[in-house]
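Me: Please take a close look at a single part of this model. I want the contact between the two chains, and one residue besides.

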Amino acid sequence: METLEPILAAHPFLQGLDSRHLKIIAECAAKVNFNAGEFLLREQEEAARFYLINSGQVSVEIFRARGGPITIATLVEGEALGWLWFEKPYHWHFDARAVHLTRVLALDVKALMQRCEQDHELGYALMKRYAHLLAVQFRVTILQLVDFYGK
Amino acid sequence: MLNALADPMLPAPFRVLKVNRETGDTFTLTLAPAAGEPGFRFAPGQFNMLYVFGVGEIPISISGDPDQPETLVHTVRAVGAVSRAICGLKRGETLGVRGPFGVPWPVTKAPGWDVLVIAGGLGLAPVRPAVYHLLARRPQFGNLELIYGARTPEDLVFRQELMHWRGRFDFRVHVTVDTAKGDWRGNVGVVPNLISRARFDSEHTMALICGPGVMMRFTVQELLNRGVKMENIYVSLERNMKCGLGLCGHCQLGPVFVCKDGPVFSYDRVRDWFLLREV
């Protein structure tokens, strides 16, 4: 049976994680493909899975009643999607859709949270990575708000 | 061949051969000497003072190919009285040109290096001559990448050329916009964030950056985080240039005159002034 540990270990988000923790995460992970146009997650849906992108491209969107979707970020291979799965009420705040065929590792959020509660070392290792992810996202959002190219 | 003019304060008349609309307010003008001289030699990154007779004179970077000096190419955004007048020129009309001025991109030092060209908004215009130069001598360089960002897909300049460059197998082109509607299939995000996707050996990488100040500041920070040395990061600065010769002092930035000592500077040379507020 194929193990996901090598694929998890190769993903930048989990780089440096020890094999014991990778094994635990692998128990919560599954390989999933999304065809072009398929949604990985939708606003207001339960945040059930967190995604590590292995290939492809995902657009993160906000839907406007007038004007349709607007893309606010693009994620590609090596990046992670689902920034706030650990925050109540565990709902997504945006849509994310595959631009073209996208291969991901989907992590079961409930199972992962349980493992983190049982193993605080794992929880801390993941939270450090999240803190970095959020810091990067926060900086990007601020730069987008600044409007570099304002006239 | 027109080069450094005999009197650098005297504009030479150039005729408009062609005007291309890049975006809603940005135009590329192709010019040729009105007096019939064979062309205009310049180095990538240099600028000219463009003079619309009876309106005024402004500094504009040269955006054409330095290996094709027969014509002179400038890309201008219509934001003020003079730039609006330049953008309003029609084929056959004349404007004055003084130049070329300034220190160019250090492309002659680039053989053997990986080169990152990073531009935001209309900042692609001043680096385009460097891209032409590098691509014309492609085997001399290591990895060559362009990272370019604009506010929206509609604000991208040189779209056809970007697509052409993207089609090459020896040049990686990353294009991003701050925000986009549903039909955009490219990247959405900010320029500094794309540096993590670029491939380069930080020890042997030269970065050429041109764009809005905030973009350049955060881009430089990302490059430093990735291990690129300060002295190998080059920025093109924009200041209120008037004479182009370092005489009038309008473009002074601390100890340097941007028109004469720049506009291209290695980051280590201008770092203290680059980060200083209200200068």
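Reply: Helices (H or I, at least four residues) and strands (E, at least two) are DSSP runs, numbered from the N terminus. This is a predicted model: local features need pLDDT of at least 70, side-chain atom pairs count only at pLDDT 80 or more, and totals for chains, interfaces and linings use all residues. Residues are numbered from 1 along each chain as its sequence is written, while chains are lettered from A and ligands numbered from 1 in the order in which they are written.

Start with the residue. Met216(B) sits in helix 5 of chain B, residues 213-225. Met216(B) is buried because 26 other C-beta atoms lie within 10 Å (buried means 20 or more, exposed 12 or fewer, partly exposed in between, with C-beta atoms placed from the backbone). Beyond its neighbours within four places in sequence, Met216(B) is in contact with Ile209(B), Gly211(B) and Val235(B). Contact means C-beta atoms, placed from the backbone, within 7 Å.

Now the chain contact. Chain A supplies 18 residues and chain B 24 residues. On the side of chain A that touches chain B, strand 4 (68-76) and helix 4 (120-146) each give two or more residues. Strand 4 of chain A gives the most, eight residues. By class, this side of chain A has 11 nonpolar, five polar and two charged residues. Nonpolar covers Ala, Val, Leu, Ile, Met, Phe, Trp, Tyr, Cys and Pro; charged covers Asp, Glu, Lys and Arg; the others, Gly among them, are polar.

Strand 4 of chain A also pairs with strand 10 of chain B (residues 180-181), antiparallel, over two bridges. Pairing requires at least two bridges found by DSSP. Thr71(A) has Ala180(B) as its bridge partner in strand 10 of chain B.

Notes:
Contact = placed C-beta atoms within 7 Å.
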